[in-house]
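Trainee: Please walk me through this structure, one question at a time.

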Amino acid sequence: VKKYLNQALEINNNNILANLSKGIWHAEIINQAGKTLAGAVYGAKISKTLYHFEIVEKHQNANEIGILYELAYGYFLLNEDKYFNKSKLFLEQIFQKQPSSDMDNLYKKKAYLLIELLP
């Protein structure tokens with residue numbers, strides 16, 4: 001996965017989905033392996049997660065429900081209070097939006113489940 005995401009980012013380093021996926025890749029590894037092991041074995045780092053998420057947040061389509069949910073989930077995976085707060089901010093934005101597709105409805109349902117997991 002990392003190899004193909006890197007290739008996609010080489011082609012277009014501003015691609016919103018590639019950056020979102022790469023940020024979540026880092027966050028998932030950190031969440032599952034812990035910061036030290038994630039960095040040593042896989043090269044996954046919080047700073048790299050944040051780098052990719054910042055690119056996504058600045059993108060013109062960053063206000064779509066699916067993108068907002070994935071950002072909220074990615075920050076949630078980092079498992080720290082300051083990132084939980086970012087996650088909540090994105091979830092609150094989702095709750096204020098009207099879904100425009102069935103996928104938006106699914107993401108909105110997932111957002112309600114995710115907010116319950118946040119401290």
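Trainee: Is His26 buried or exposed?
Mentor: Take the cut-offs first: buried means under 20% relative accessible area, exposed over 50%, and partly exposed in between, with a 1.4 Å probe and protein chains only. His26 has a relative accessible area of 1%. That is under 20%, so His26 is buried.

Trainee: What kind of model is this, and how are residues numbered?
Mentor: This is a predicted model: local features need pLDDT of at least 70, side-chain atom pairs count only at pLDDT 80 or more, and totals for chains, interfaces and linings use all residues. Side-chain values use heavy atoms, without hydrogens or water, and residues are numbered along each chain as its sequence is written, from 1.

Trainee: Which residues does His26 touch, not counting residues up to four places away in sequence?
Mentor: Contact means heavy atoms within 4.5 Å. His26 is found in helix 2. Its contacts, with residues up to four places away left out, are Gly43, Ala44, Lys45, Lys48, Thr49 and His52.

Trainee: How many helices and strands are in the protein chain?
Mentor: Both are DSSP runs, numbered from the N terminus: helices are H or I with at least four residues, strands E with at least two. From the N terminus on, the elements run α-α-α-α-α-α-α. The count is seven helices and zero strands.

Trainee: What is the radius of gyration of the protein chain?
Mentor: The radius is taken over C-alpha atoms, and the globule rule is 2.2 Å times the number of residues to the power 0.38. For 119 residues, a compact globule would come out near 14 Å. The protein chain agrees with that, at 14 Å.

Trainee: What share of the residues of the protein chain counts as buried?
Mentor: The C-alpha atoms fill a box of roughly 40 × 35 × 20 Å along the principal axes. Among contacts with a separation of 6 or more, residues 24 or more positions apart account for 55%. Of the 119 residues, the buried share is 42%.

Trainee: How far apart are the end C-alpha atoms of helix 4?
Mentor: The expected span is 1.5 Å times one less than the number of residues. Helix 4 covers residues 46–58, which is 13 residues, so it should span 18 Å. The computed distance agrees: 18 Å.

Trainee: What covers the buried residues of helix 4?
Mentor: The buried residues here are Ile46, Thr49, His52, Phe53, Ile55 and Val56. Their cover includes helix 1, helix 2, helix 3, helix 5 and helix 6.

Trainee: Which residues does Lys22 touch, not counting residues up to four places away in sequence?
Mentor: Lys22 is found in helix 2. With a relative accessible area of 7%, Lys22 is buried. Beyond four places in sequence, Lys22 touches Lys2, Leu5, Asn6, Leu9 and His52.

Trainee: What is the relative accessible area of Asn19?
Mentor: Asn19 is found in helix 2. Leaving out residues up to four places away, its contacts are Leu9, Asn13, Asn14, His52, Ile55 and Val56. Asn19 is buried, with a relative accessible area of 1%.

Trainee: What separates the C-alpha atoms of Leu91 and Leu114?
Mentor: Leu91 lies in helix 6 and counts as buried, at 0% relative accessibility. Its contacts beyond four places in sequence are Tyr69, Ala72, Ala111, Leu114, Ile115 and Leu118. Leu91 and Leu114 are 23 residues apart along the chain, yet their C-alpha separation is 8.4 Å.

Trainee: Which phi does Asn79 have, positive or negative?
Mentor: Asn79 is found in the loop between helix 5 and helix 6. Asn79 is exposed, with a relative accessible area of 54%. Asn79 is not a glycine, but its phi of about 55° is positive.

Trainee: How far apart do the centres of the positive and negative side chains lie?
Mentor: Lys and Arg count as positive, Asp and Glu as negative; His and the chain ends are not counted. Each charge is placed at NZ of Lys, CZ of Arg, CG of Asp or CD of Glu. There are 14 positive and 12 negative side chains, and the centres of the two sets are separated by 6 Å.
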